[in-house]
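Visitor: Please show me how to read a model like this one. I would like to begin with what lies inside.

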Amino acid sequence: MLITISGRYFTSTFTTRLLTGSLHLGGFRTALLNFVFAQQHRGDFLLRIEDTDQDRAIPGAAQKLEEDLEWLNIPPTESPLKGGAYGPYTQSKRLSKYREEARRLVETGAAYPCYCSENRLDLLRKDAARRREKSKYDGKCGEMSPGEARNRKDGGEAHCIRFRLPPPPHQFTDIVYGAVSLEEGQGDFVILKSDGYPTYHLASVVDDHLMEISHVLRGVEWQVSTGKHLALYRALGYKPPEFAHLPLILNRDGSKLSKRQSDISIDYYRITRYYPEALVNFVVGNRNRIESIEEITSKFDLQTYSKSSNRLDFSHLEQLNQLCLKKEAESSLDIIRQVLPGGSDDYYRKIMTWCPPRVSKLTDLVKEFSYLSKEFQPSRCSQEEARLVRLVLTKLEESTGEIMHSDLKKLSSDNEIPIKSLMHVLRKSLCGVEVGPPIFEIVNLLGRDESIRRLKNSLN
């Protein structure tokens, strides 16, 4: 059954922090599943930008993020760039809404101003660490009389606003994990900082309400904060959305993905010519098949989504990208022509038959097999190498079929030349590299005429 909230069906939101300025695999997985869920129920997928930590926000990051989502083929319905009826979608442009709700919470007694210095808070953290306990605020300012609090505020003393968190347990139903009970007390937490900017806790709750969000899909690391958020919903008189927390995605060895890993950023994958379809299938767990987003959407079931952490084996991404590369090359040779100019269509077809086990992306062709370009010019060989090159030239000029490994082996035996020496000289003359695929494969891939041209050029 579809849930309708003011005419909006199953509206999910992807809220992201603009601290690094780059979307990574973890954030992409969350955005993808929000998109799929909204598509499945003909709902809206909202992109909301959290930039309330102004010291760490990066200019231009919001636009870059939307470009990444467009490239990944999961564009938001409403966003800072696209706009929408519930905007603005950047939290720094919604400060008056958060401040008003924080004021309302103080008036009802659900929140209070906190004047504790950073030095005192640091002492509390150190004391908790000494006792091997989780640090939490001790509630000192919550016991302050209204008169004292008013006098300190009138005196211009800097303060934040803290929410009175009811004691545990905090219980709720998670669509993925089922019944959840948070037993650990977390202490009264900050909802409005001394600079007037909200924390994620207040901003997300207020925005979810005002934007009429029906479902929140986010990483499981936020599950521990859901008790705080539900308490805020109740205190503000809001109806909370439904929550679904997504299990962690990890490296193959079980370690956490880190934003310091340059090879997990979407920007890296764009630059190195991965296909968005490969990335989509990789994060949903496909290994050797490519499914469209429509196919993934038709099978997606949040109720039965796995609770287990997903360990990523990046070799699967290479396999998926190979499939995408092969599919595109079969429909158009232009992608090969762009990186290896100078060849015929027949030549490019031979390359795409030969390459799939060896390359997973176009940049591999440029980086490792640039010598496959018909415009490649070999370096000049030495006098000692020239004798071996002439022997092979003669063999090629006399040959009418493919050169086999046995042909080269016989040539080395008849002329008492070590086969390794012959292969080394040929590879250098034909490819300009010291190591590579079997040389007879290269000769046959380049073709008789091109191989003869390169060998002759290496003599001149």
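Visitor: Which residues of the largest nonpolar core touch the most other members?

Guide: A nonpolar core is a set of buried Ala, Val, Leu, Ile, Met, Phe, Trp, Tyr and Cys residues joined through side-chain atoms within 4.5 Å. Buried means under 20% relative accessible area, exposed over 50%, and partly exposed in between (1.4 Å probe, protein chains only). Here the largest core has 86 residues, and Leu25, Phe28, Ile74, Leu302, Leu365 and Leu372 touch the most other members. Helix α1 (residues 25-40) gives the most to this core, nine residues; helices are DSSP runs (H or I, at least four residues), numbered from the N terminus. A separate second core, of 33 residues, includes Tyr98, Leu192, Leu202 and Val216.

Guide: This is a predicted model, in which local features need pLDDT of at least 70 and side-chain atom pairs count only at pLDDT 80 or more, while totals for chains, interfaces and linings use all residues. Residues are numbered from 1 along each chain as its sequence is written, and side-chain values use heavy atoms, with hydrogens and water left out.

Visitor: What is Phe28 in contact with, leaving aside its neighbours within four places in sequence?

Guide: Contact means heavy atoms within 4.5 Å. With those neighbours set aside, Phe28 is in contact with Leu23, Leu72, Ile74, Ile266, Leu279, Val280 and Val283.

Visitor: Is Leu105 buried or exposed?

Guide: Leu105 lies in helix α3 (residues 95-108) and counts as buried because its relative accessibility is 0%. Leu105 and Leu236 are 131 residues apart in sequence, yet 7.1 Å apart in space, C-alpha to C-alpha. Beyond four places in sequence, the contacts of Leu105 include Phe163, Ile191, Leu202 and Leu236.

Visitor: How many salt bridges does a search of the whole structure find?

Guide: Side chains of opposite charge can pair when their charged atoms come close. A salt bridge is a side-chain nitrogen of Lys or Arg within 4 Å of a carboxyl oxygen of Asp or Glu. The search finds 34. One of them joins Arg103 and Glu100 (2.3 Å, N to O). These two are separated by about one helical turn, because they are three residues apart in helix α3. Arg103 is partly exposed at 37%, and Glu100 is partly exposed at 36%.

Visitor: Which residues are linked in a network of salt bridges?

Guide: The network links Arg48, Arg94, Asp207 and Asp208.
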